[in-house]
Amino acid sequence: MTAARKREIHLNLNILNVGVYGSAWRWPSVDPAAFVDPAHYIRCAQIAEKGKLDAVFMADKPGLVDHPQYRPFQALDPLVVLSGIAATTSHIGLIGTASSSYNSPYNIARRFASLDLLSGGRAAWNIVTSAEIEIARNFGRSDVTAHADRYAIAREFVEIVRALWDSWEDEALIADKAQGLLLDISKIHPIDHQSKNFSVAGPLTLPRSPQGRPVLVQAGASDDGRNLAAGVAEVIFTLSQTLEKSIDFAADIRRRAASFGRVPEDVVILPGLCTVIGDTEAAAQARRRELEELVPAEYGLARLAGTLQVDPDLLKLDEHLPEDLPIPVNHNQTMFAGTVAIARRENLTVRQLIRRLGGGAGHRIVAGTPEQIADDIGTWFAAGAADGFNIMPDVLPEGAETFVTEVVPILQRRGLFRTEYEGSTLRDHLGLTRAERGRFSTAI
């Protein structure tokens, strides 16, 4: 992050199909089929760009893993959708999710480099390791790779992708008609990576983009996940339910980043924030209750059981969570820990917990007036708990429109958020300098 730049809040719009709530598709303004309509995502991105947000964020799970009979899911390939968004916007950043467990480094490097060039330097890769057995089976695996092994593979995978992005020097593309010389081959380098996991010769087929290379995003909160994030990620998407825990997380990540030889301030930490906005606090709370009541009970229970990796029959709606829940060794430990922490801290029954989570949202939910939402964002930002947020509206596109038209102007008036884009690349929006070749250590 450039030292001279004033610290400002960073905001992404997380386009979770038609809204973060499990019941969003049942809301009167929502088209339930919008989750497979590219125009829906383009509209959401254009709303985000109107609000001068940093980026749109697209999650991905290449499998039917989230009880699709009860709600829409992430069905479209993020990079395909983001390509459409790139063609219909001019500034908004484009963060797409892709798994290091079920892709090849060369393919990922080429696809994201292509999106980066297509968009003029607005692309980012959200690195995930995928813990669902349903996804593993879609890629010819009989089981999910062990947690520690997944992260070890991910570290190597990222190292290869970054090397491929850097395989062209900036001056490699000459395009000299007079000399009849298109490329300076001496400035294009193979990477010749060989290991038990990967064999990748390189170089990439594409030159570097206006931002040097795509931004790296990561969301792990386990010890392995934090090390991966601190070692390579420039943006960290995290689950934080309390201010104190988020301050601790940010401090830990920055300490780890420094241990990897990085500048701690070059890591942008963005917790997820689910927003429910009303003209009054009472209206916002009523909207929240209505959304909670529209969540099918079967879905909420199944989603909770999946997060905890237990048989749904072990969960009794009007009782507390079992005391002896084991941490799932090979599943999403971040979501497990966050869910259990809420239940224990607030002494919730299973039924209350399902409602508290919005039918499975998992991330922190804030319901209130635009001023109250802005106050909350400002408080966390001032405390150093976050550099901003991945905004997850209750209902899309309605909730995004309300956030942009009602909350963003308050943050702008307070001098906390930009009123215009100052650059054209995602790195510009994030306050990051253009990526230099080989800038970061690969000793992760």
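The chain holds 14 helices and 13 strands, counted as DSSP runs (H or I of at least four residues for helices, E of at least two for strands) and numbered from the N terminus. Its radius of gyration is 22 Å, close to the 22 Å from the globule rule for 444 residues, so the chain is as compact as a globular protein of that length. That radius is taken over C-alpha atoms, and the rule is 2.2 Å times the number of residues to the power 0.38.

This is a predicted model: local features need pLDDT of at least 70, side-chain atom pairs count only at pLDDT 80 or more, and totals for chains, interfaces and linings use all residues. Residues are numbered from 1 along each chain as its sequence is written, and side-chain values use heavy atoms, without hydrogens and water.

**Whole chain**
- The C-alpha trace spans about 75 × 50 × 40 Å along its principal axes.
- Of the 444 residues, 56% are buried, meaning under 20% relative accessible area with a 1.4 Å probe, protein chains only.
- Contacts (heavy atoms within 4.5 Å) are counted here between residues at least 6 apart in sequence, and 77% of them join residues at least 24 apart.

**Arg 427**
- Arg 427 sits in helix α14, residues 426-430.
- Arg 427 counts as buried because its relative accessibility is 1%.
- Its side chain reaches the backbone oxygen of Arg 213 at 3.1 Å.
- Beyond neighbours within four places in sequence, Arg 427 contacts residues including Gln 211, Arg 213, Pro 214, Val 215 and Glu 234.
- Leu 432, Thr 433, Arg 434 and Ala 435 are also among the contacts of Arg 427.

Terms used:
Buried < 20%, exposed > 50% of the residue type's maximum accessible area, 1.4 Å probe, protein only. Polar contact = N/O pair within 3.5 Å; in protein donor to acceptor, adjacent residues only side chain to side chain.
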